[in-house]
Amino acid sequence: MKFYINTRNGLRVVDLDEVVYLKADGNYTEFHYADGKVKTELSCLSVFEAKIAAFYEAQAIPMSFYRMGRSHLVNVNHIAAINFQQRTLTFREDSVKAVVSTKNVLKELRDHLVEDFQSAD
């Protein structure tokens, strides 16, 4: 699914299926892709979260991104494992760095995933 971002120089096309997660960095947001590339965009995470949610709503499909605390918006389709002891979230793609978070945030993510899995049955 294609998503468009306005930039200073024009327009960037983003394939949301290839986005593993977004990370807040002040007034910027880092897009981490399945191929290991990271692109930084000028806008805060909440702006991109709202745009992505509106995009999914317009397509009438469930949103595959989940907000983890204040810093991350993860694509649940790329999650490989949650490790509570190491407080990490790892992804299917080896080229993508694991996300470190608090146990509470990781437990909320786990509960969300379990709920989504059970409602899919």
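Tutor: Please bear in mind that this is a predicted model. Let us begin with an open sheet of three strands, in the order 8-9-10, with antiparallel pairing.

Student: Which strands stand at the edges of this sheet?

Tutor: Strand 8 (79-83) and strand 10 (99-100) do; each has a single partner strand, so one side of each lacks a neighbour in the sheet.

Student: Through what do the strands of a sheet pair?

Tutor: In general, they pair through backbone hydrogen bonds, in either a parallel or an antiparallel manner. Here, strand 8 and strand 9 (residues 88-91) run antiparallel and are joined by four bridges. Within strand 9, Thr88 is the residue opposite Asn83.

Student: Is Thr88 buried or exposed?

Tutor: A residue is called buried when its relative accessible area is under 20%. Thr88 has 12% relative accessibility and therefore counts as buried.

Student: Which residues does Thr88 touch, leaving aside those up to four places away in sequence?

Tutor: Thr88 touches Ala81, Ile82, Asn83, Ala98, Val99, Val100 and Leu106. Asn83, in that list, is also the residue that stands opposite Thr88.

Student: Let us turn to another pair. How many bridges link strand 1 and strand 2?

Tutor: Six bridges link strand 1 (residues 2-7) with strand 2 (residues 10-15), and the pairing is antiparallel. For Lys2, the bridge partner in strand 2 is Asp15.

How values were computed: Residues numbered from 1 in each chain as written. Predicted model: local features only at pLDDT ≥ 70, side-chain atom pairs only at ≥ 80, totals over all residues. Heavy atoms only, no water. Pairing = 2+ DSSP bridges. Helix = DSSP H or I, 4+ residues; strand = E, 2+ residues; numbered from the N terminus. Buried < 20%, exposed > 50% of the residue type's maximum accessible area, 1.4 Å probe, protein only. Contact = heavy atoms within 4.5 Å.
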